[in-house]
Amino acid sequence: FHGDEQANGFTEEQENALHLLTSLQKLEFTSCKVLQSLPQGLHRLSSLKELKVHRCPELRWLPEEGFPTSLQVLTLWGGSAEQKEQAEKLKEVYPTLRVDYH
């Protein structure tokens with residue numbers, strides 16, 4: 001997802017479509033300036049290994065259901081202090097998760 005300056009969340013149709021991507025290993029959100037939340041169904045993406053969030057300043061990004069246990073790398077670039085704080089807390093829940101900040 002790149003450069004969406006209008007969507008602050010995901011429609012039910014978009015959420016459902018994302019669930020069909022069962023072999024998806026990498027997902028990136030870049031320059032989504034008003035996006036406030038990631039898709040709630042991320043935890044269902046059982047093959048997801050890498051999640052990148054770049055320049056999404058309004059993102060209150062931790063999905064209620066969490067992330068899939070397959071997630072290995074979370075990259076935050078240009079994120080807020082709140083996002084970094086949340087990412088540090090994620091390390092407690094997902095001890096093998098590597099979090100990179102840029």
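Which residues is leucine 38 in contact with, leaving aside its neighbours within four places in sequence? Point 3 takes this up; first, some ground rules.

1. **What we are looking at.** This is a predicted model, in which local features need pLDDT of at least 70, side-chain atom pairs count only at pLDDT 80 or more, and totals for chains, interfaces and linings use all residues. Residues are numbered from 1 along each chain as its sequence is written, and side-chain values use heavy atoms, with hydrogens and water left out.

2. **Overall layout.** The chain has two helices and four strands, and their order from the N terminus is α-β-β-β-α-β. Here helices (H or I, at least four residues) and strands (E, at least two) are DSSP runs, numbered from the N terminus. The radius of gyration of the chain is 13 Å, which agrees with the value near 13 Å for a compact globule of 102 residues; it is taken over C-alpha atoms, and the globule rule is 2.2 Å times the number of residues to the power 0.38. Along the principal axes, the C-alpha atoms fill a box of roughly 30 × 30 × 20 Å. Taking contact to mean heavy atoms within 4.5 Å, 58% of the contacts between residues at least 6 apart in sequence join residues at least 24 apart.

3. **Leucine 38.** Here is the reply to the opening question: leaving aside neighbours within four places in sequence, leucine 38 is in contact with Phe10, Phe29, Leu51, Leu59, Trp61, Pro63 and Phe67. Leucine 38 lies in the loop between β1 and β2, and it is buried, with a relative accessible area of 1%. The cut-offs are under 20% relative accessible area for buried, over 50% for exposed, and partly exposed in between (1.4 Å probe, protein chains only). For the chain as a whole, 37% of the 102 residues count as buried.

4. **Two positive phi angles.** Neither of the next two residues is a glycine: serine 31 has a positive phi of about 55 degrees, and arginine 55 has one of about 50 degrees. Serine 31 sits in the loop between β1 (26-30) and β2 (50-54), while arginine 55 is in the loop between β2 and β3 (73-77). Serine 31 is buried at 12% relative accessible area, whereas arginine 55 is partly exposed at 37%. Their side chains make a polar contact with each other (3.3 Å). A polar contact is a pair of N or O atoms within 3.5 Å; within protein, one must be able to donate a hydrogen and the other to accept it, and residues adjacent in sequence count only if both atoms are side-chain atoms.

5. **Serine 70 and glutamine 72.** Serine 70 and glutamine 72 are both found in the loop between β2 and β3. The side chain of serine 70 reaches the backbone oxygen of leucine 48 at 2.6 Å. Not counting residues up to four places away in sequence, serine 70 touches Leu45, Ser46, Ser47, Leu48 and Lys49. With the same exclusion, glutamine 72 touches Lys49, Thr96, Leu97 and Arg98. The C-alpha atoms of glutamine 72 and arginine 98 are separated by 6.0 Å, though the two are 26 residues apart along the chain. Glutamine 72 is partly exposed, with a relative accessible area of 44%.

6. **Threonine 22.** Is this residue, threonine 22, buried or exposed? It is exposed, at 51% relative accessible area. Threonine 22 belongs to the loop between α1 (12-19) and β1. Beyond its neighbours within four places in sequence, threonine 22 is in contact with Ser46 and Ser47. Its C-alpha atom is separated from that of serine 47 by 6.5 Å, across 25 residues of chain.

7. **Surface and charge.** The accessible surface comes to about 6,100 Å², and 47% of it belongs to carbon and sulfur atoms. These areas come from the Shrake-Rupley method with a 1.4 Å probe; for residues, only the protein chains shown count as cover. There are 11 positive and 15 negative side chains, and the centres of the two sets lie 8 Å apart. Lys and Arg count as positive and Asp and Glu as negative, without His and the chain ends, and each charge is placed at NZ of Lys, CZ of Arg, CG of Asp or CD of Glu.
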